[in-house]
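Q: I am new to this structure and would like to learn how to read it. Could we go through it together?

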Amino acid sequence: MLRSIQSALRRGNSASSSAHLLRRGFSSESAPERKVAVLGAAGGIGQPLALLMKLNPLVSKLALYDIAGTPGVAADVSHINTRSEVAGYMGEEQLGQALEGCDIVVIPAGVPRKPGMTRDDLFNINAGIVKSLCTAIAKYCPHAIVNMISNPVNSTVPIAAEVFKKAGTYDEKKLFGVTTLDVVRAKTFYAGKAKVPVGGVDVPVVGGHAGITILPLFSQATPKANNLSDEDITALTKRTQDGGTEVVEAKAGKGSATLSMAYAGAVFADACLKGLNGVQDVVECSFVQSSITELPFFASKVRLGKNGVEEVLGLGPLSDYEKQGLESLKPELKSSIEKGIKFVNQS
Ligand SMILES: NC(=O)C1=CN([C@@H]2O[C@H](COP(=O)(O)OP(=O)(O)OC[C@H]3O[C@@H](n4cnc5c(N)ncnc54)[C@H](O)[C@@H]3O)[C@@H](O)[C@H]2O)C=CC1
Ligand SMILES: O=C([O-])CC(=O)C(=O)O
């Protein structure tokens with residue numbers, strides 16, 4: 001079970017694997033010490049994410065922080081016989097301890113959607129939560145990589161950047177909006193439609209993380225499927241864009257994606273850890289500071305390395321349908337980014 005989860009995590013990243021680590025002389029026990037904190041660790045995403053991070057042999061210390069409930073989650077997860085030492089931290093007075101010495105901070109803190117809501121409807125509550133957590137990150141672990149999961153990602157990432165700029169700690173190479181779930185969904189839906197084994201599928205997803213700002217590039221999907229019509233591609237694109245809403249509606253008021261998000265968050269954090277450890281060719285899609293379009297933040301393929309972002313990769317050749325999608329998403333993405341920036345500078 002453990003081995004199959006771990007190998008699924010490794011498969012989540014096409015280019016990198018523990019084989020690289022072993023070739024470089026690391027076994028799981030001798031991989032560098034790495035501290036990871038999960039903020040919002042007692043929540044729907046936080047708990048399964050804590051479990052998956054506890055299974056990751058690249059983590060040596062796992063700090064689980066929430067405003068309530070973390071002692072129980074930490075006690076539970078800590079009994080698993082894997083490498084990392086686990087500690088739970090509860091309440092703002094323990095946040096500093098949770099963050100001190102962190103290499104990576106993963107943030108799934110905040111409220112989730114209910115049916116009928118957009119991700120932007122979460123802004124009023126989550127913007128303040130993200131702002132205060134990032135203020136603490138700037139103080140206690142200013143050099144950590146930040147993986148932002150809290151929605152609306154299109155605004156919470158710019159909020160984090162502004163908080164770090166004000167604190168004088170901003171490093172654009174270390175701030176990531178986690179859009180891996182869009183890639184996970186695009187791969188699953190494409191494999192199902194094209195009738196190819198999902199394990200070998202890759203699909204870049206660019207833009208942002210809300211509705212039409214999520215732009216899967218099925219023209220670049222591998223393996224190439226010749227059995228998909230234009231209508232199939234339109235349907236696949238729409239299903240990927242509405243994947244979050246599909247789960248919100250199925251959960252009927254009990255929240256949004258948690259298990260698939262925990263998986264996606266664990267895949268992305270694992271890729272960041274591999275990059276930090278010097279594994280070559282670690283590439284994932286993420287919403288980062290970018291100059292590949294006129295927008296200041298944009299999701300695209302990113303090469304990860306010892307300092308976080310090593311290189312923001314370009315979009316590659318787009319189909320006419322994707323070119324249209326790209327132009328249509330820009331106004332919404334631009335205004336979500338500006339809303340985040342304004343929030344920090346006005347409050
Ligand atoms: N980026 C993505 O692809 C996805 C993002 N999300 C987002 O992730 C967030 C969390 O979702 P769930 O785990 O389902 O929600 P949840 O309500 O189950 O858990 C959120 C946790 O955050 C905690 N929290 C609230 N304020 C906090 C603070 N100031 N400091 C630390 N912890 C705090 C709560 O106590 C709770 O345990 C939501 O904003 C949701 O929209 C969800 C799915 C996918
Ligand atoms: O849809 C939501 O609210 C949660 C989310 O971001 C996703 O599942 O992609």
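A: A polar side-chain atom of asparagine 151 is 2.8 Å from an oxygen atom of ligand 2. This is a predicted model, where local features need pLDDT of at least 70, side-chain atom pairs count only at pLDDT 80 or more, and totals for chains, interfaces and linings use all residues. Residues are numbered from 1 along each chain as its sequence is written, chains are lettered from A and ligands numbered from 1 in the order in which they are written, and side-chain values use heavy atoms, with hydrogens and water left out.

Q: Which residues are around ligand 2?
A: A residue is near a molecule if one of its heavy atoms lies within 4 Å of it. Here the residues around ligand 2 include Arg113, Asn151, Arg185, His209 and Ser256. Arginine 113 has a polar side-chain atom 2.6 Å from an oxygen atom of ligand 2, and for arginine 185 the distance from such an atom to a ligand 2 oxygen is 2.8 Å.

Q: Into which domains is the chain divided?
A: Domain bounds come from an automatic or database domain assignment. The chain has domain 1 (35-178) and domain 2 (180-337), with 21 Å between their centres, taken over C-alpha atoms.

Q: How many salt bridges are there between domain 1 and domain 2?
A: A salt bridge is a side-chain nitrogen of Lys or Arg within 4 Å of a carboxyl oxygen of Asp or Glu. Between domain 1 and domain 2 the count is zero.

Key. Polar contact = N/O pair within 3.5 Å; in protein donor to acceptor, adjacent residues only side chain to side chain.
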